[in-house]
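Student: I am new to this protein and would like to go through it step by step. Could we take it as a set of questions and answers?

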Amino acid sequence: MPPPGNDSQAERYRNLRAQRLAALNALLWDEQKGAWFDYDTEKGKNLEFYPSNLAPLWAGCFSDPATVDKALKYLEDSQVLTYQHGIPTSLRNTGQQWDFPNAWAPLQDLVIRGWVICPLRTHPPQERSNPDFGDGTRRPQKWLFPKLTREFPTPTESM
């Protein structure tokens, strides 16, 4: 049995979390595109692609499990999974190191971990133990492993 806690404080923080999630979704979530976008107080949402548009998946800042499928469709629709060296930091080709075609490892990690842990957040354990379960983990594996094996050959391949 867990140690006794402060139930009123726990309830207060649950309510504050719910308020933050509602504000995040109201301001940043785009239902049609399936992603969260930066917001400029003068211009509104910036609808350009950035891997950080999916940071709320990694952080668990969503409450509707359907959000996960919409966000994954956003990645697929953006065609960023087709690039040889990973998800580009942006789709703007400015010549700057933080733009296309460059990829930044922490953003790759954010997207992959968000992708992998989402099913764990949105599906009960009995569903996750089903051998057919795992679309959330199979998709990144299909995308990531060929890149790793191409970029980092096995010792026998490099000889």
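**Questions on the fold and its contacts**

Tutor: In this predicted model, the side chains of Arg 92 and Glu 48 meet in a salt bridge, at 3.3 Å from N to O.

Student: Is Arg 92 buried, partly exposed or exposed?

Tutor: Buried means under 20% relative accessible area and exposed means over 50%, with partly exposed in between. Arg 92 has 42% relative accessibility, so Arg 92 counts as partly exposed.

Student: How many salt bridges does a search of the whole structure find?

Tutor: The pair of Arg 92 and Glu 48 is a salt bridge, and Asp 109 forms a salt bridge with Arg 113. A search of the whole structure gives a total of five.

Student: Which helix holds both Asp 109 and Arg 113?

Tutor: The closest N and O atoms of Asp 109 and Arg 113 are 2.7 Å apart. The two residues are four positions apart in their helix, so about one helical turn separates them. Asp 109 is partly exposed at 34%, and Arg 113 is partly exposed at 47%. The helix is α4.

Student: Where does Lys 70, the partner of Glu 31, lie?

Tutor: The side chains of Glu 31 and Lys 70 meet in a salt bridge at 2.1 Å, N to O. Glu 31 lies in the loop between β1 (29-30) and β2, so this pair links parts that are 39 residues apart in sequence, with Lys 70 in helix α3.

Student: What is the order of the elements from the N terminus on?

Tutor: The protein has seven helices and four strands. From the N terminus on, the order is α-β-β-β-β-α-α-α-α-α-α.

Student: What percentage of the residues in the protein is buried?

Tutor: The protein has 159 residues. A residue counts as buried when its relative accessible area is under 20%. Buried residues make up 31%.

Student: Which element gives the most residues to the largest nonpolar core?

Tutor: The largest nonpolar core has 21 residues, and Trp 36, Leu 54, Leu 57, Leu 75 and Ile 87 touch the most other members. At least two residues of this core come from each of β2 (35-36), α3 (66-78) and α4 (105-122). With five residues, the element that gives the most is α3.

Student: Which residues are in contact with Leu 54, leaving aside its neighbours within four places in sequence?

Tutor: Leu 54 is one of the core residues that touch the most other members. With those neighbours left aside, the contacts of Leu 54 are Gly 34, Ala 35, Trp 36, Ala 71, Tyr 74, Leu 75 and Leu 110.

Student: Is Thr 67 buried or exposed?

Tutor: Thr 67 has its place in helix α3. Not counting residues up to four places away in sequence, Thr 67 touches Trp 29, Trp 36 and Phe 62. Its relative accessible area is 9%, and Thr 67 is therefore buried.

Student: What is the volume of the largest cavity?

Tutor: The structure holds one cavity of 30 Å³ or more. Its lining consists of Leu 54, Leu 57, Leu 72, Leu 75, Leu 110, Val 111, Gly 114 and Trp 115. The largest share of this lining, four residues, comes from α4. The volume of the largest cavity is about 40 Å³.

Student: Which residue has a positive phi although it is not a glycine?

Tutor: Most residues other than glycine have a negative phi. Here the positive phi is about 60°, and the residue is Gln 79.

Student: Is Gln 79 buried or exposed?

Tutor: Gln 79 lies in the loop between α3 and α4. At 52% relative accessibility, Gln 79 is exposed.

Student: Which residue is joined to Pro 101 by a cis peptide bond?

Tutor: Pro 101 is in the loop between α3 and α4. The omega of the cis bond is about 10°, and the residue joined to Pro 101 is Phe 100.

Methods:
Residues are numbered from 1 along each chain as its sequence is written. This is a predicted model: local features need pLDDT of at least 70, side-chain atom pairs count only at pLDDT 80 or more; totals for chains, interfaces and linings use all residues. Side-chain values use heavy atoms; hydrogens and water are left out. Buried means under 20% relative accessible area, exposed over 50%, partly exposed in between (1.4 Å probe, protein chains only). A nonpolar core is a set of buried Ala, Val, Leu, Ile, Met, Phe, Trp, Tyr and Cys residues joined through side-chain atoms within 4.5 Å. Contact means heavy atoms within 4.5 Å. A salt bridge is a side-chain nitrogen of Lys or Arg within 4 Å of a carboxyl oxygen of Asp or Glu. On a 1 Å grid over the protein atoms alone, a cavity is a set of points where a 1.4 Å probe fits but cannot get out, and a pocket is an open set with protein on both sides within 12 Å along at least five of seven lines; lining residues have an atom within 4 Å of a point. Grid points are joined across faces, edges and corners, and a volume is the space filled by probe spheres set on the points.
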